[in-house]
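This briefing goes through a protein model by topic, from its strands and domains to selected side chains. Please keep the sequence and the coordinates at hand while reading.

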Amino acid sequence: MPSIVWIDGTWYDRGSAVVSVFDHGLLYGDGVFEGIRAYGGRVFRLDAHLERLYASAKAIWLEIPMSKDVMGRMVEEGVAKSGIKDNYIRLVVTRGVGDLGLDPRKCAKPTIFCIFDTIKLWPQDRYEKGLTALTAATPIHHREALSPRVKSLNYLSHILAKVEGIAANVDEVIMLDAAGYVAEASGMNLFAVSNSTLRTPPPYTGILRGVTRDTVIEIGREAGYGVEELPMNRYDLYTADEVFLTGTAAEVVGISKLDGRAIGKGVAGPVTRDLATRFRAYVTRDD
Ligand code: PXG
């Protein structure tokens, strides 16, 4: 199925969907976005994604000229119109088209666009074997500079961390914050498992509060696992029974090796696989 794109009220096919080179989203990375999935034609946790999008916009002084309800209906319409069963939806709001110069007041109105496509981050065998990873030297943004809780168009530090992983021939990277605590992966949140307890960094320390993360916390609690949100360092990961990552694109995927050390038994562990199975059942359930 070919992808379709909605831009400021009009539908386009992939080949004809374009935005201006004077858009401040492109010129300055001035904007916010969401990555959303639909399973079997149903959008997963649309409200949570819209909440986060509007909160991100608010934090960067960007007023979205469209209500959450209308935005949500556009997303639902796109999923139906695309004919794609398992959509990956990229919803972007930029500061808009303006003259050169940083001043956001140069932009008359935000640009809103939404891509309806598919995504596959890893081949199936990685979900069984787990990913290899290293700790990137590139830290995430300082929370008082550009809060990692804002899902902004500034992904360069995450991309540069990813490049470190590519150069070292591993699948993924773990990023630390400025104080050296474990933060997240390049586009995923992180959990460590020890003695059937899931541990993950709290959002206030400076991570993106993932929709998948929150879902896995809920599912994990229901399944009887302990859940603790607390700052962790690399020692906690090296010595955990299991480490896994969560994200809209990746869903739930284990880490087999970190910085040359096998994590647990060096494969995706039983808790990771259990949560991945429960997650899949949850997102595809009929209710
Ligand atoms: N941390 C960061 C920095 C992210 O960008 C997550 C955590 C996980 O959040 P969600 O809400 O997805 O569970 C993200 C999400 C992409 C892509 O196209 C990136 C994300 C999500 C989907 C696709 O690379 N980032």
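Helices (H or I, at least four residues) and strands (E, at least two) are DSSP runs, numbered from the N terminus. On that basis, His49 has its place in helix 2. This is a predicted model, in which local features need pLDDT of at least 70 and side-chain atom pairs count only at pLDDT 80 or more, while totals for chains, interfaces and linings use all residues. Residues are numbered from 1 along each chain as its sequence is written, and side-chain values use heavy atoms, with hydrogens and water left out.

- An open sheet of 6 strands has the order 2-1-6-5-3-4 with antiparallel pairing, where two strands pair if DSSP finds at least two bridges between them.
- Strand 2 (10-13) and strand 4 (42-43) stand at the edges, and because each has a single partner strand, one side of each is left without a neighbour in the sheet.
- Strand 5 (residues 88-94) has 6 of its 7 residues buried, buried meaning under 20% relative accessible area, exposed over 50%, and partly exposed in between (1.4 Å probe, protein chains only).
- Strand 5 pairs in the antiparallel sense with strand 3 (residues 31-39) over 7 bridges, and Glu34 has Leu91 of strand 5 as its bridge partner.
- Strand 5 is also joined to strand 6 (residues 111-117) by 7 bridges, again running antiparallel, with Thr111 of strand 6 as the bridge partner of Thr94.
- Strand 6 runs antiparallel to strand 1 (residues 4-7) as well, joined to it by 4 bridges, and Ile4 stands opposite Phe116 in strand 6.

- The protein is divided into domain 1 (4-117) and domain 2 (124-284), with bounds that come from an automatic or database domain assignment.
- The C-alpha centres of domain 1 and domain 2 lie 26 Å apart, and 24 residues of domain 1 are in contact with 22 residues of domain 2, contact meaning heavy atoms within 4.5 Å.
- About 1,800 Å² is buried between domain 1 and domain 2, carbon and sulfur atoms giving 59% of that area; buried area is the accessible area (1.4 Å probe) that two parts lose on being put together, summed over both.
- Within domain 1, the residues that lose the most area to domain 2 are Tyr39, Arg45 and Arg52, which together make up 35% of what that side buries.
- Between domain 1 and domain 2 the count is 2 salt bridges, a salt bridge being a side-chain nitrogen of Lys or Arg within 4 Å of a carboxyl oxygen of Asp or Glu.
- Arg45 forms a salt bridge with Glu218, and their closest N and O atoms are 3.0 Å apart.
- The elements that give two or more residues to the side of domain 1 that touches domain 2 are helix 1 (24-28), strand 3, helix 2 (46-59) and strand 5, and strand 3 gives the most, with 8 residues.

**His49 and Thr248**

- His49 is buried, with a relative accessible area of 2%, and leaving aside its neighbours within four places in sequence, it is in contact with Glu34, Gly35, Ile36, Phe44, Val211 and Thr248.
- Thr248 has its place in the loop between strand 13 (242-247) and strand 14 (251-258), and at 18% relative accessibility Thr248 counts as buried.
- Leaving aside neighbours within four places in sequence, the residues in contact with Thr248 include Gly35, His49 and Tyr88.
- A polar atom of the side chain of Thr248 lies 3.4 Å from the backbone oxygen of Gly35.

**Salt bridges**

- The count comes to 18 salt bridges by the rule given above.
- Asp30 forms a salt bridge with Arg95, the closest N and O atoms being 2.8 Å apart; the pair links distant parts of the chain, 65 residues apart, with Asp30 in the loop between helix 1 and strand 3 and Arg95 in the loop between strand 5 and strand 6.
- Both Asp30 and Arg95 are buried.
- Asp125, Arg126, Lys129 and Asp171 are linked in a network of salt bridges, in which Asp125 meets Lys129 at 3.2 Å, N to O.
- Asp125 and Lys129 are separated by about one helical turn, because they are 4 residues apart in helix 4 (residues 124-129).

Key:
A polar contact is a pair of N or O atoms within 3.5 Å; within protein, one must be able to donate a hydrogen and the other to accept it, and residues adjacent in sequence count only if both atoms are side-chain atoms.
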